[in-house]
Amino acid sequence: MPDFVTSYLGSTLTPGEAGNQFWALVYVFVIFAGVSLAVMSMNWLERKALAHFQIRLGPMRTGPHGLLQPIADAIKLLLKEDIIPAGADRFVFWVAPLIGLLAAFTVYTVIPFGPSQAVSDMNIGILFMLGVSSLGVLGVVVAGWASNSNYPLIGALRSSAQMVSYEVAMGLAVVSAILMTSLNETGTGTLSMIGIVRAQQEQGVWFIFKFFPLGLIAFIVFAIAMVAETNRAPFDMAEAESELTAGYHTEYSGLRWSLFMLAEYAAMISVSSIAVTLWLGGWMRPFSRLLRGSAWDLIFSLFPAVTFMGLAAVAFVGVVRMPRRSDFKVQKIGLAVFGWLLGFIALMLLIIAIAGRSNGAAIPSTVNQSIGYIYWFLLKVAVFMYLFIWYRATWPRYRFDQLMRVGWKVLLPISLTVLVATAIVGILLS
Amino acid sequence: MPDNYFARYLPLLMHFGIATVLASIIVTLSYLVGQHKPNIAKMSPYECGVQPIGDTRGRFSVKFYLVAMLFILFDVEAVFLYPWAVILRELKMFGFWEMMVYIAIVLVGLFYVWKKGVLDWGLIAGKRGDI
């Protein structure tokens, strides 16, 4: 293999830092595939979970337990008519979903899935993330304005006012986490995403528990603001379906509409990643200080395999519980194949976890470690993704004046207070 | 490390380019594959079956402009805080008090806006008659 392919393997730098553009490109493609897959499975999970919250079954027909529903939807959307309303501004109408998608996808450049598992590590990482993800507002406003229709315009105005208001509280909450990174010998903090997690590693505490309850309050402010930022329930004023049919994307159809959905879900994943990186220790496994030693390392490295085994077991329970009728045969076989696939992944992970313990084995221990990093990061993000669904099922929608009141009169003063308090504690400790 | 400074930001450009190409392909694909049978009802803006009257590019509540202006003020404040947060412990008390003065000035602005009722929407604002 060429030198630039092999030389990077085993490096402890991100491809961007190492200047290895080939691997950077590979990472970018992996991220695109991964995000698309995550959005599809999130789409399925959301419909399924919401249905069960409401004592329904949700999608059941397309594939076993509706597993092929997202693919069927994609094909349906592809074949739909691509309508541009007669009064719309054609170019702006065309460009709006692109802006939304670009803003949602470009932030993935700096998300650290592990100490070297990011496309690039920038010294302004978190500032870059907040800046680019807030460009999503532009896509929403432009889409609403270009449609030349009343519902999209009102939806776009509402959602831009909302996103912009919560952006402020969000930005201020982030500052208090950055202040915490400077509590080391040199006295200098960092804005780099990898650097922030490293700071938590060095201080041996997730920032959510730092200066209790200051870290926790900042985290809660961020967690509220990030739901509002992504226009999700209970802050989904932008697409309040009972008032505005679909908000800013009412006039969009087909794959153009699906770009908005893709951008929304990608943005949900990326803001969850910010929360995980800043407050929940990024790629660190839980209790890395308390429970250490090779025995605990082994136990925690078995977690990925155990997770996939659990998923496989759920699939097999589904196979057993299917009705014994001939018309369910195809679905049964499909689900069994899916279960075996999950079981195979679990087996692979188990082999890596067992064989990758010692150095010099056939599978280097760095592979084992990398899987651990990525697993813990994704698990934490997955918890947030489930919370997004749970919020939607549980809470009624806010009224617009309540929404603005919470943003400006509650969250903004709280995050400013937490910021000042963190600065005082940080100064006193030095 | 100034030597690979450019290399660090190059993946960003790659990422941006690939995202643009991907999104364009999706939109073009949907244009090519989907059917095209336009008619007057389909091309008119959706308004729950009612004939839309006039153009929507009219005037809307001034409150949205105010919120946008406030956002710029406060977000610029937040951006000023980022570099300060990084080197606060090097600046020691001087940097701390400097920023406290700055935050206090911005807070005075917030309370002024608050008392003026810019942050009130709906009923409260309606009673005062400044919607």
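Chain B folds into five helices and zero strands, where helices are DSSP runs of H or I with at least four residues and strands are E runs of at least two, numbered from the N terminus. Read from the N terminus on, its elements simply go α-α-α-α-α. The model is a predicted one, so to speak for the record: local features need pLDDT of at least 70 and side-chain atom pairs pLDDT 80 or more, while totals for chains, interfaces and linings use all residues. Residues are numbered from 1 along each chain as its sequence is written, and chains are lettered from A and ligands numbered from 1 in the order in which they are written.

Of the 131 residues in chain B, 20% come out as buried (20 or more other C-beta atoms within 10 Å of the residue's own, with C-beta atoms placed from the backbone; 12 or fewer is exposed, and in between is partly exposed).

The contact with chain A draws on 58 residues from chain B and 71 residues from chain A, a pair counting when the C-beta atoms, placed from the backbone, lie within 7 Å. On the chain B side, the elements giving two or more residues are helix 1 (5-33), helix 2 (40-43), helix 3 (63-86) and helix 4 (88-116). Helix 1 of chain B gives the most, with 20 residues. By class, this side of chain B has 39 nonpolar, ten polar and nine charged residues; Ala, Val, Leu, Ile, Met, Phe, Trp, Tyr, Cys and Pro are nonpolar, Asp, Glu, Lys and Arg charged, and the others, Gly among them, polar.

Over in chain A, helix 10 is mostly covered, with 13 of its 16 residues buried. Just after helix 10 of chain A, A:Asn231 takes a positive phi of about 55°.

Terms used:
Two residues are in contact if their C-beta atoms, placed from the backbone, lie within 7 Å.
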